[in-house]
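This report is a guided reading for someone meeting the structure for the first time. Please keep the sequence and the model in view while following the sections below.

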Amino acid sequence: MKIDVVTIFPKMFLPVLNESIIKRAQAKNIVKINIYNLRDFSKERHRKVDDRPYGGGPGMVMRPEPFFEAVKYIKGHGSWVIGHGRVILLSPQGKRLSQTLARRLSKYKHLILLCGHYEGIDERVRRFLVDEEISIGDYILTGGELPAMVLIDAVVRLLRGALGDNTSIIEETFSKNLIEYPQYTRPSEFRGLKVPEVLLSGDHSRITEWRRKESLKRTARYRPDLL
């Protein structure tokens with residue numbers, strides 16, 4: 001998979017992309033991630049990417065030209081194939097990111113992520129450049145950079161080979177619309193608190209059944225909307 005990010009703050013991504021699973025996935029050529037500075041595609045003298053909104057109002061609006069130029073450049077210098085890629089705008093008005101959505105996006109060969117800022121982006125970017133808008137929650141952030149990082153993390157870990165044990169993807173929270181069962185490790189007793197006996201029994205059928213029931217109980221208690 002290839003993921004290209006367009007942002008006015010490219011340095012924000014360096015710590016995230018150079019650690020843990022995402023770093024290893026890039027090293028194994030499972031995913032290639034490029035970060036582009038939106039200002040490099042501005043034709044303004046001072047690389048300006050925003051301007052006052054027509055009709056008045058507070059703040060600044062991001063201009064359409066740099067986004068169109070950036071996406072044109074990326075598609076023209078990469079492996080873009082119609083039907084196998086998506087241009088995504090990180091936006092609070094987009095559809096909510098979920099495990100199901102992340103799984104769908106992981107099937108594409110190329111994602112282009114656009115990070116907004118200020119009071120928003122010129123509507124022509126939304127209407128004529130973007131394939132879909134995605135939000136990570138019902139709250140406002142300073143820009144689209146953090147949501148883009150969340151989306152990258154959610155998608156990359158679903159790519160084949162990104163995790164050391166692919167079975168962990170199957171058993172994770174939300175993979176079956178259930179919250180994950182309780183997890184324990186050594187020691188078997190800590191400050192008088194014991195690990196459930198069934199997990200020490202070695203009886204895999206009993207363990208599987210226990211985990212299924214615990215997942216259902218947790219989901220019913222904390223996220224009944226998933227049932």
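At 8% relative accessibility, Pro 147 counts as buried, where buried means under 20% relative accessible area, exposed over 50% and partly exposed in between, with a 1.4 Å probe and protein chains only. Pro 147 has its place in helix 6, and helices (H or I, at least four residues) and strands (E, at least two) are here DSSP runs, numbered from the N terminus. Leaving aside residues up to four places away in sequence, Pro 147 touches Leu 90, Ile 136 and Leu 141, contact being defined as heavy atoms within 4.5 Å. Pro 147 and Cys 115 are 32 residues apart in sequence, while their C-alpha atoms are 8.5 Å apart in space.

The model is predicted, and local features need pLDDT of at least 70, side-chain atom pairs count only at pLDDT 80 or more, and totals for chains, interfaces and linings use all residues. Residues are numbered from 1 along each chain as its sequence is written, and side-chain values use heavy atoms, with hydrogens and water left out.

## The parallel sheet

How many strands form the open sheet, and in what order? There are 5 strands, in the order 2-1-6-5-7, and their pairing is parallel; two strands are taken to pair if DSSP finds at least two bridges between them. Strand 2 (32–37) and strand 7 (132–135) stand at the edges with a single partner strand each, so one side of each is left without a neighbour in the sheet. On average, neighbouring strands of this sheet are turned by 30° against each other, direction ignored; axes are lines fitted to C-alpha atoms, for helices over the stretch in contact, and angles run from 0 to 180 degrees between N-to-C directions.

Strand 5 (residues 85–96) runs parallel to strand 6 (residues 110–115) and is joined to it by 6 bridges, with Leu 89 having Leu 114 as its bridge partner in strand 6 and Val 87 standing opposite Ile 112 in that strand. Strand 1 is likewise parallel to strand 6, through 5 bridges, and Lys 2 has His 110 as its bridge partner there. Strand 5 and strand 7, also parallel, are joined by 5 bridges, and the partner of Leu 90 in strand 7 is Ile 134.

## Two strands and their side chains

In a regular strand the side chains alternate between the two faces of the sheet. Strand 6 is mostly covered, with 6 of its 6 residues buried: His 110, Ile 112 and Leu 114 point one way, and Leu 111, Leu 113 and Cys 115 point the other way.

In strand 7, Glu 132 and Ile 134 point one way and Glu 133 and Ser 135 the other way, and all are buried. Ser 135 has a relative accessible area of 5%, and its contacts, not counting residues up to four places away in sequence, are Ser 91, Pro 92, Gly 94, Lys 95, Arg 96 and Leu 97.

Helix 6 (residues 145–156) lies across strand 1, strand 2, strand 5, strand 6 and strand 7, running at about 160° to strand 6. The largest nonpolar core has 32 residues, of which Ile 3, Leu 105, Leu 111, Leu 113, Ile 134, Leu 151 and Ile 152 touch the most other members; a nonpolar core is a set of buried Ala, Val, Leu, Ile, Met, Phe, Trp, Tyr and Cys residues joined through side-chain atoms within 4.5 Å. Two or more residues of this core come from each of strand 1, helix 2 (20–27), strand 5, helix 4 (99–105), strand 6 and helix 6, and helix 6 gives the largest share, 7 residues.

Ile 152 touches Ile 3, Val 5, Leu 17, Ile 22, Ile 33 and Leu 113, not counting residues up to four places away in sequence. Apart from this core lies another, of 20 residues, among them Phe 41, Ala 70, Trp 80 and Leu 89.

Which residues of helix 9 are buried? They are Ile 207, Trp 210, Glu 214, Ser 215 and Thr 219. These residues cover an arc of only 160° around the axis, which puts them on the same side of helix 9, the arc being that of the directions from the helix axis to the C-beta atoms. Their cover includes helix 8 (197–200), whereas the face turned away from the buried side of helix 9 carries the exposed residues Ser 205 and Lys 217.
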